[in-house]
Structure formats: structure tokens, C-alpha cells
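Here's a quick briefing to keep beside the viewer. Have a look at the model first, then work through the notes by topic.

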Amino acid sequence: MTTATIGGIGKFDGQEVTIQGWLYNLREAGKLLFPQFRDGTGVIQGVVVKKETPEVFETVKHLTQETSMRVTGKVRADARAPGGYEMQVTGVEVLQRIPPEDPYPITHKEHGPDFLLERRHLWIRTPRQNAILRIRHEVIRAVRDCLDGEGFILVDTPIFTPAACEGTTTLFECDYFDEGKAYLTQSGQLYNEATSAALGKTYCFGPTFRAEKSKTRRHLTEFWMVEPEMSYAGIDDVMDLCERFVSFIVGRVLERRAADLATLGRDLSKLQTVLTPFPRISYDDAVAILKRKGSAIEWGGDFGNADETLLGEEFDRPVMVHRYPAAIKAFYMQPDADRPELALGVDVLAPEGYGEIIGGGQRIHDYDLLMSRIKEHGLPPEAFAWYLDLRKYGSVPHAGFGMGIERVVSWICGLEHLREAIAFPRMLYRIYP
RNA sequence: UCCUCAGUAGCUCAAUGGUAGAGCAUUCGGCUGUUAACCGAAGGGUUGUAGGUUCGAAUCCUACCUGAGGAGCCA
């Protein structure tokens with residue numbers, strides 16, 4: 001007997017196959033049963049007619065939601081079935097029937113976020129969560145394909161680090177044998193600067209940790225970030241890469257995951273406009289736009305979430321805001337040659353209120369300038385000795401950025417909350433399951 | 001860390017100082033094309049915890065616990 005996946009069931013129209021999955025739902029209509037099966041690739045409706053297969057009818061009639069089973073039957077196209085195909089069930093092999101005294105907790109009705117998050121290990125079985133996780137997979141594949149295709153080399157950076165990368169944000173601390181404290185990385189960027197000087201163009205891609213007590217739908221304490229870095233590059237190279245990168249990713253999801261976007265009810269017209277070039281506006285221009293739109297922002301201040309939403313809704317694709325006041329950016333940002341009070345940093349803001357998805361820019365390549373910035377920020381120079389070495393031995397202008405995967409997935413999927421963009425979200429008051 | 005809101009059946013919610021209820025889920029019965037199927041019945045409660053006010057508290061007050069949304073900070 002041929003084993004088939006539900007997602008590819010169309011290839012077996014008219015044939016008898018076996019599928020391996022779980023009971024998603026069971027509808028009854030007298031002497032007819034309509035069990036629905038899922039296997040992670042899709043959902044298919046089965047039909048059981050009592051007078052044709054009485055033994056199968058009696059077995060299926062008493063099955064409970066999420067019972068694991070192998071099902072055999074003849075596949076045929078049927079417009080009445082959700083998904084377009086139906087299976088005339090001729091045999092079932094039940095692996096584990098869930099007992100009615102302790103039924104599967106997640107029903108087809110509404111549930112609250114607390115209930116679902118406590119059962120995230122089960123929640124991910126639902127079609128909507130399946131679709132999000134498949135899109136996340138596609139985003140990650142596109143990230144790799146795009147950067148690999150552009151000649152970047154993946155060089156992963158450490159997760160245990162000896163000190164703060166940027167000195168300001170709160171870090172997760174742990175004991176590291178006799179070496180004292182270690183911290184979970186909040187960015188691979190400083191190491192990327194070393195690897196890009198070794199290999200030209202590199203990127204790292206892995207989990208990142210922030211111990212800030214942020215409690216919003218835009219924050220996780222553990223999230224995944226991809227960070228490309230380029231030697232012999234400046235802020236314009238970063239912006240060029242950003243727009244190619246983001247449009248490539250969105251294009252890939254539209255091309256390969258249309259069915260999943262449909263499951264989510266995503267408005268595709270909001271994604272189809274994400275094509276190069278992206279608008280590029282200076283921080284000065286952004287402040288002017290915000291003031292016109294009624295924001296209380298003053299020049300020199302950083303954008304709040306409301307400001308990012310206001311800027312994002314000005315455009316039909318992500319907008320790149322560049323040249324921020326140096327005072328509100330990280331210590332390693334290269335100053336603008338024409339206006340030293342500005343840093344050559346760029347943020348990419350997604351439309352529809354999704355806010356910042358990318359932050360990056362050009363790094364300081366001059367030893368003395370970097371040393372003075374480290375001291376100005378009250379950071380210990382000895383901890384940055386290796387980082388300063390990069391400016392002693394063949395320093396070149398270099399630039400890069402970091403992109404938060406969950407924020408991009410959240411935007412592409414049109415999610416209400418970042419927590420659905422990762423299988424097991426880590427948040428301020430939640431570390432289970 | 002601060003501000004706001006919410007905790008009632010397994011789940012989603014109602015009951016606004018006077019006998020704790022509905023839908024779904026579960027079990028049983030009915031229905032030969034269901035689309036979160038539908039119809040009928042049954043079981044299911046220390047109203048987050050601890051105090052207080054009152055003849056009487058799910059409801060009012062205080063503290064605590066848990067969660068959510070937002071601010072700040074950031075991807």
C-alpha cells in the first residue's frame with residue numbers, strides 16, 4: 001500500500017493510499033461519518049458509510065480528537081470536501097485513542113492566550129500555527145539562499161560571551177566555571193566584524209537574548225536574528241542589501257507559501273508591493289513627517305512604537321530611515337563625515353504598524369575614534385581589546401545589519417503578537433513549556 | 001520598573017448586593033453530504049487566595065497571587 005502525505009494527496013486521485021496522522025475533527029450525519037485527518041502537511045476529509053464498511057464505521061464513530069492513526073482509503077476529488085479531495089475510508093489502524101475522561105484540551109472553539117500558551121506544545125498542531133511555522137521555515141530558507149547567493153559565508157558567533165556587546169542593555173548572566181560570569185549574546189555583530197575581515201562577507205544566524213523587562217507584543221527574551229556584515233562597505237551598501245534581502249524574502253513566501261498565507265487570511269496586496277527600491281529618508285525628514293502627523297517627537301529623540309507606526313503607514317513597502325543622532329545610537333556607529341553629530345545608522349521599518357525589523361549601519365574603522373567612544377560610554381577598553389585589534393591590523397570601512405526573524409515572520413503573516421512567530425516563545429513571565 | 005485591565009464549569013463568556021447560568025467540549029440518543037454540522041438528554045462549581053463590610057458578596061473594600069495590554073528599552 002502506498003503511503004501518501006495529505007499535502008500531496010492530489011497526485012493519488014483515484015488510487016487507494018494510506019495516510020499517517022491524527023484525527024482533527026469528526027462530524028456525524030446519521031449513517032455517515034466525516035472524520036477529518038491531519039498529518040502536518042494538510043487536512044483531508046474522510047467519508048465512512050455504515051452499510052458499506054460497518055466495522056470501520058463502529059471504530060471511527062468513537063474516536064476522539066487528536067487520536068493517532070493510519071488510515072487507508074481511496075482518494076477522489078470532491079468539491080464538497082474542504083481541500084478539494086476526500087478519502088473513502090476502508091481501513092483504520094488506531095495507534096492511540098485519547099480517552100474521553102481526559103480529552104484533547106484544544107477544541108475548535110476560541111481559547112484565551114494564557115490557556116494556549118500553557119499548551120503551546122499542543123497548540124502548534126492547529127492549521128493556523130502550522131501555517132505560521134511553515135512560513136517561518138520559508139523565511140529562514142530565503143535568508144540563507146539570498147545571502148549565500150550574494151557570496152556571504154555563514155560563520156556562527158558564540159552564544160556565551162564574556163561581556164556586553166553594546167554595554168547598555170540588560171544581559172542574562174550565568175556562571176562559567178572558574179572564569180567568572182558569562183552572558184548570553186545579545187548580538188553577534190562584534191564577532192561578525194572579525195569574521196568579515198577574515199572572509200570578506202559573512203553572516204551569523206542564531207538565537208539572541210535580551211533580559212530587558214519588555215512586556216509588549218513586539219518583544220521576546222529569546223529571538224532569532226540574522227546579521228550580515230561586509231568589509232569595504234558603507235551605509236549605502238547596507239541599504240542596497242536591505243532592500244534586495246527583504247524583497248527577496250517576501251517574494252519567496254508569496255511564491256512558495258501562498259496556501260499558508262491564505263490559511264492566515266493575509267491580505268496579499270500588502271505584500272505584493274514589497275519590491276525594490278525601498279524609500280530612503282533621513283532622520284531629519286522622518287522627524288518632519290512625524291511632526292506633520294501630530295507626533296510629539298523632537299529632534300534628537302528616538303522613535304517610539306507610535307512613531308514607527310506613523311512612519312510605516314506613509315509607504316506601501318518598508319522604509320529605510322538613515323543618519324540618526326549619534327547620541328541615541330550604539331558606540332561603534334561611524335559618524336557622518338559632513339555632520340559628525342549624526343551616525344551612519346539605518347533602521348528598516350515595516351508597514352502596517354509592525355515597526356523596526358532591521359537595524360544596522362556603518363561601523364567605526366578608526367582606532368582612535370573607537371577608543372574614545374568606548375571611553376565616552378564608560379565601557380572597559382580591556383574587554384574590547386580584541387575588537388580594537390580589528391582597527392589596528394588592516395582596518396577597512398565595513399558595515400552590516402541585524403534582522404529579527406520573528407518580527408519579519410510576524411509582519412509577513414499579519415500576526416497580532418510576536419509569540420506566534422516562534423514555536424516556543426520565551427517572554428518576561430513565561431518560560432513553560 | 002511604572003500605568004491600565006482581567007481572573008466564575010475542561011474552554012469561551014453571562015449573572016452589576018438577594019436561588020450561580022449559556023454555548024462548546026465529554027457521555028448517551030436521533031439524522032445518508034456534514035463544512036467550528038445540527039436536534040434532544042445527562043454529568044460537570046470552595047466564583048484566583050486571604051481577610052473585611054453586610055441580614056445576605058461572584059458583585060463592595062484591602063492585601064497578595066496569576067495573566068493580558070501599554071510605556072520605557074530594543075530586533
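## Briefing notes

Pro433 sits in the segment after helix H13 (405-413), where helices (H or I, at least four residues) and strands (E, at least two) are DSSP runs numbered from the N terminus. The peptide bond from Tyr432 to Pro433 is cis, and its omega is near 0 degrees. Keep in mind that this is a predicted model, where local features need pLDDT of at least 70, side-chain atom pairs count only at pLDDT 80 or more, and totals for chains, interfaces and linings use all residues. Residues are numbered from 1 along each chain as its sequence is written, chains are lettered from A and ligands numbered from 1 in the order in which they are written, and side-chain values use heavy atoms, with hydrogens and water left out.

- Pro277 belongs to the loop between helix H8 (269-272) and strand E13 (280-282).
- Tyr232 has a phi near 50 degrees, which is a positive value in a residue other than glycine.
- You'll find Tyr232 in the loop between E12 and helix H6 (235-256).

**Around RNA strand B**

- RNA strand B has 50 residues around it, and Asn25, Arg27, Glu86, Arg210 and Arg217 come nearest; a residue is near a molecule or strand if one of its heavy atoms lies within 4 Å of it.
- By class, the residues of that surface split into 14 nonpolar, 14 polar and 22 charged; Ala, Val, Leu, Ile, Met, Phe, Trp, Tyr, Cys and Pro count as nonpolar, Asp, Glu, Lys and Arg as charged, and the others, Gly among them, as polar.
- Elements that each supply at least two residues of the surface include strand E2 (16-29), strand E3 (32-38), strand E4 (43-49) and helix H2 (113-118). Strand E12 (222-231) and strand E16 (355-363) are also on that list.
- For Leu220, a backbone N or O atom lies 2.8 Å from a base nitrogen of RNA strand B. That's a polar contact, meaning a pair of N or O atoms within 3.5 Å; within protein, one must be able to donate a hydrogen and the other to accept it, and residues adjacent in sequence count only if both atoms are side-chain atoms.
- Arg407 has a side-chain N or O atom 2.9 Å from a base oxygen of RNA strand B.
- Arg419 puts a polar side-chain atom 3.1 Å from a phosphate oxygen of RNA strand B.

**Pocket and cavity**

- The second largest pocket has a volume of about 400 Å³. On a 1 Å grid over the protein atoms alone, a pocket is an open set of points with protein on both sides within 12 Å along at least five of seven lines, whereas a cavity is a set of points where a 1.4 Å probe fits but cannot get out; lining residues have an atom within 4 Å of a point.
- Grid points are joined across faces, edges and corners, and a volume is the space filled by probe spheres set on the points.
- Its lining counts 22 residues, with Leu116, Trp123, Thr126, Arg128 and Gln129 nearest the centre. H2 and helix H4 (127-149) are the elements that give two or more residues to this lining.
- H4 provides the largest share of that lining, 3 residues.
- Domain 1 (2-96) and domain 2 (121-421) each contribute at least three residues to the lining of the second largest pocket; the domain bounds come from an automatic or database domain assignment.
- The structure holds 1 cavity of 30 Å³ or more, and the largest cavity has a volume of about 90 Å³.
- Residues lining the largest cavity include Glu193, Ser231, Arg391 and His398. Helix H5 (189-199) gives the most, with 3 residues.

**Sheets**

- One open sheet has 8 strands in the order E7-E11-E12-E17-E16-E15-E14-E13, with mixed pairing; two strands pair if DSSP finds at least two bridges between them.
- Strand E15 (residues 342-350) and E16 pair antiparallel over 6 bridges, and Gly345 stands opposite Gly361 in E16.
- An open sheet of 3 strands runs E8-E10-E9 with antiparallel pairing.
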